[in-house]
Amino acid sequence: MDQGELLTLFPEMVEHRRYLHQNPELSFTERNTSQFVKDQLELLGLQVQLMEGSHGLWTTIVGDQAGPTVALRADMDALEIQDQKTCDYASKVKGVMHACGHDGHTATLLAIAKYFVKHKANLQGKVRLIFQPAEEIFPGGANAMIQAGVLEGVDVIYGVHLWTPIPLGIAQSAPGPLMASTDEFVIRILGKGGHGGMPHTTVDSIVVGASLVMQLQSVVSRTVDPLDPSVVTIGYFTGGTAQNVIAEESKLGGTVRCFDEDVRATISQKVHQLAQHTAEAYGAKAHVQYTEGYPCLVNHESEFNRFMRIAGSLSGLTGQMCKPIMPAEDFSYYLQHIPGCFILVGAGNEEKGFIYPHHHPKFDFDEDAMLHAVGLLISLTESYLQEHA
């Protein structure tokens, strides 16, 4: 792979990324984004397969030489956040923005398509490019694409996330668990409302809920092995209408993150038990809605090792092993079916002002990171194909 050739791809990559950034679409509504990607792929002479009933699509670049099939995946959806940047490519859509780098992922994969179309004669196998909708919102788009057959005939898969907490020039991953599973719960507490001056005639759902919030803090500290990382977070607690009215109903919601399926099941059971027993102790009732989201993202060690070898050979890029992190990713579903590796590519740059975290209204990233992502994914693909041809 010629670094100079990658630089020739960069201007168009930036152009595509900024167009997508200006025209974001929420999960499951990526109609125009999907059409844009389709148009770009067809300009390269590629046949595009559309996912029925969704905005997902994929294409396969067939090399002139026989060999295995490598899949590369990009997500396309944006977030329900108002863009507060003042740059000339800020979102034009009120209340919607690419605050997680998916525009960069899509632009990166389009550049990779152009590269492999040009080098089909030397391609020892096939490259499948997956453009996935709806990573941000459960149930996500990965499972539906898998069911539609996107992994049929695929031997290995790679994906990247442009990651501003990591400085430009560094790429990180881990063998085994990299990103946590994610579950959500909502608990409705039903008491007996009444006059604020006559609490003895009521069952105060606010008191019940406050007690439950504190009880849930003991789930991790007193139920889970301290060597098994896990989180139970209460994100909101609502109830009541006036200062002199005891609330008949209150509601709280939270998220659960961990890296082990047994721990995941234990926490779920404990949340249900604490909700029921705490409510009963006060004479109230609790209704728990518990939703299992994405599973833990588990990289395959052999492909992590390939990442470390490749990253060390690329100009301007350093590969590192990192600790697992608590954010979740539906790329995890692909890795349950075939080997692969998911990689965090550094996109932060304090000197240029790219300091805001993901999902922040001023989020942006150093676009030079897309060059690192392209070089890494192309090199991983070529390495695997050459090794298994």
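Q: What does Asp364 form a salt bridge with, and how far apart are the closest N and O atoms?
A: Asp364 pairs with Arg17, and the closest N and O atoms are 2.9 Å apart. A salt bridge here is a side-chain nitrogen of Lys or Arg within 4 Å of a carboxyl oxygen of Asp or Glu. Keep in mind that this is a predicted model: local features need pLDDT of at least 70, side-chain atom pairs count only at pLDDT 80 or more, and totals for chains, interfaces and linings use all residues. Side-chain values use heavy atoms, without hydrogens and water, and residues are numbered from 1 along each chain as its sequence is written.

Q: OK, and where do Asp364 and Arg17 sit in the chain?
A: Asp364 is in the loop between β16 (340-348) and α10, while Arg17 is in helix α1; they are 347 residues apart. Helices (H or I, at least four residues) and strands (E, at least two) are DSSP runs, numbered from the N terminus.

Q: How many salt bridges by that rule?
A: The count comes to 18.

Q: Back to α1 and α10: at what angle do their axes cross?
A: Roughly 120 degrees, with the axes of α1 (3-22) and α10 (368-388) coming within 10 Å. Axes are lines fitted to C-alpha atoms, for helices over the stretch in contact, and angles run from 0 to 180 degrees between N-to-C directions. That makes α1 oblique to α10 (under 35 degrees is roughly parallel, over 145 roughly antiparallel, 65 to 115 roughly perpendicular, the rest oblique).

Q: Which residues make the contact?
A: On α1 they include Leu6, Phe10 and Arg17, and on α10 they include Asp368, Leu371 and Ile378. Contact means heavy atoms within 4.5 Å.

Q: Switching to sheets: what's the strand order in the eight-strand one?
A: That open sheet runs β1-β2-β4-β3-β5-β16-β6-β15, with mixed pairing. Two strands pair if DSSP finds at least two bridges between them. β1 (48-50) and β15 (318-321) are the edge strands.

Q: How many bridges join β5 to β16?
A: Eight, and β5 (156-167) and β16 run parallel. Leu162 stands opposite Val345 in β16.

Q: And the four-strand sheet, what order is that in?
A: β10-β12-β8-β13, open and antiparallel. β10 (230-239) and β13 (285-292) each have a single partner strand, so one side of each is left without a neighbour in the sheet.

Q: Which strands does α7 touch there?
A: Helix α7 (261-281) packs on the sheet, touching β8, β10, β12 and β13, and its direction makes about 165 degrees with that of β13.
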